[in-house]
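Trainee: I am new to this structure and would like to go through it by question and answer. May we look at it together?

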Amino acid sequence: MSKVKVSVVTPDGPVYSGEAEMVSVKGLGGELGILPNHIPFVTPLTINPIRLMNDGKSDLVAVHGGFIEVRPDEITILAQAAELPSTIDVERARKAKERAEERLRQGQQEKIDFVRAENALKRALNRLEVAE
Ligand code: ATP
């Protein structure tokens with residue numbers, strides 16, 4: 001089966017570099033399954049795992065937003081933060097989830113930055129999903 005090169009890059013450096021038979025991501029408009037030789041496009045991503053399919057198996061990477069650039073032979077994902085399952089600190093993500101949930105509860109009484117708290121919660125849930 002043909003493959004496409006895939007790299008996930010953050011400001012801290014490359015997080016993943018490899019190949020895949022198919023890459024599945026969640027864009028703002030919904031889920032996208034991208035095969036090798038796809039026509040070029042760029043689109044923003046939501047805070048969700050990306051899935052790299054190879055030999056009937058799939059690897060997950062937690063990607064916290066950013067953009068995907070698709071070219072026929074190469075897919076590049078650029079995000080402010082991204083982690084492989086093996087590098088995720090589950091305890092840290094659990095604490096971040098609790099903090100974000102507490103902030104969102106407080107927000108029912110006082111003014112808080114909802115988008116910031118919601119995004120922190122999404123990042124924590126993304127990490128916990130990928131680390132499982
Ligand atoms: P926290 O509140 O725990 O810092 P956060 O969502 O605010 O979480 P980010 O700003 O998204 O953290 O990330 C900052 C850096 O820390 C990034 O390099 C990211 O990959 C890393 N990081 C954050 N949380 C974790 C985690 N649970 N495990 C591994 N790396 C993490």
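Trainee: In what order do the strands of the open sheet of 5 strands run?

Mentor: The model is a predicted one. Strands of a sheet pair through backbone hydrogen bonds, either parallel or antiparallel. Here the pairing is antiparallel, and the order is E4-E3-E6-E7-E10.

Trainee: Which strands are the edge strands?

Mentor: An edge strand pairs on one side only. The strands to which this applies are strand E4 (30-34) and strand E10 (82-83).

Trainee: Which residue of E4 is the bridge partner of Ser24?

Mentor: Strand E3, residues 22-27, pairs with E4 in the antiparallel sense over 5 bridges. The partner of Ser24 in E4 is Gly33.

Trainee: What is the span of the C-alpha trace of the protein along its principal axes?

Mentor: The span is taken from the C-alpha trace, along the principal axes. The values are about 55 × 30 × 25 Å.

Trainee: Which polar side-chain atom lies 2.5 Å from an oxygen atom of the ligand?

Mentor: In the side chain of Arg127, an N or O atom is 2.8 Å from a ligand oxygen. For Arg99, a polar side-chain atom lies 2.7 Å from an oxygen atom of the ligand. The distance of 2.5 Å belongs to a polar side-chain atom of Glu83.

Trainee: How much of the area that the ligand exposes when taken alone does the protein bury?

Mentor: Taken alone, the ligand exposes 590 Å². Of that area, the protein buries 67%.

Trainee: Which element gives the largest share of the shell around the ligand?

Mentor: The space that the ligand takes is the largest pocket. Two elements give two or more residues to the shell, helix H1 (90-106) and helix H2 (114-131). The largest share is 4 residues, and the element that gives it is H1.

Trainee: How many residues of the shell around the ligand are charged?

Mentor: The residues that surround the ligand include Asp12, Asp89, Arg92 and Arg123, as well as Thr87, Ile88, Ala93 and Ala96. Of the shell residues, 3 are nonpolar and 1 is polar. The number that are charged is 7.

Technical notes:
Residues numbered from 1 in each chain as written. Predicted model: local features only at pLDDT ≥ 70, side-chain atom pairs only at ≥ 80, totals over all residues. Heavy atoms only, no water. Near = heavy atom within 4 Å. Polar contact = N/O pair within 3.5 Å; in protein donor to acceptor, adjacent residues only side chain to side chain. Areas by Shrake-Rupley, 256 points an atom, 1.4 Å probe, with all protein chains shown as cover. 1 Å grid on protein atoms, 1.4 Å probe; cavity = no way out; pocket = protein on both sides within 12 Å on 5 of 7 lines; lining within 4 Å. Sits in = over half its atoms within 2 Å of the grid points. Nonpolar A, V, L, I, M, F, W, Y, C, P; charged D, E, K, R; others polar. Pairing = 2+ DSSP bridges.
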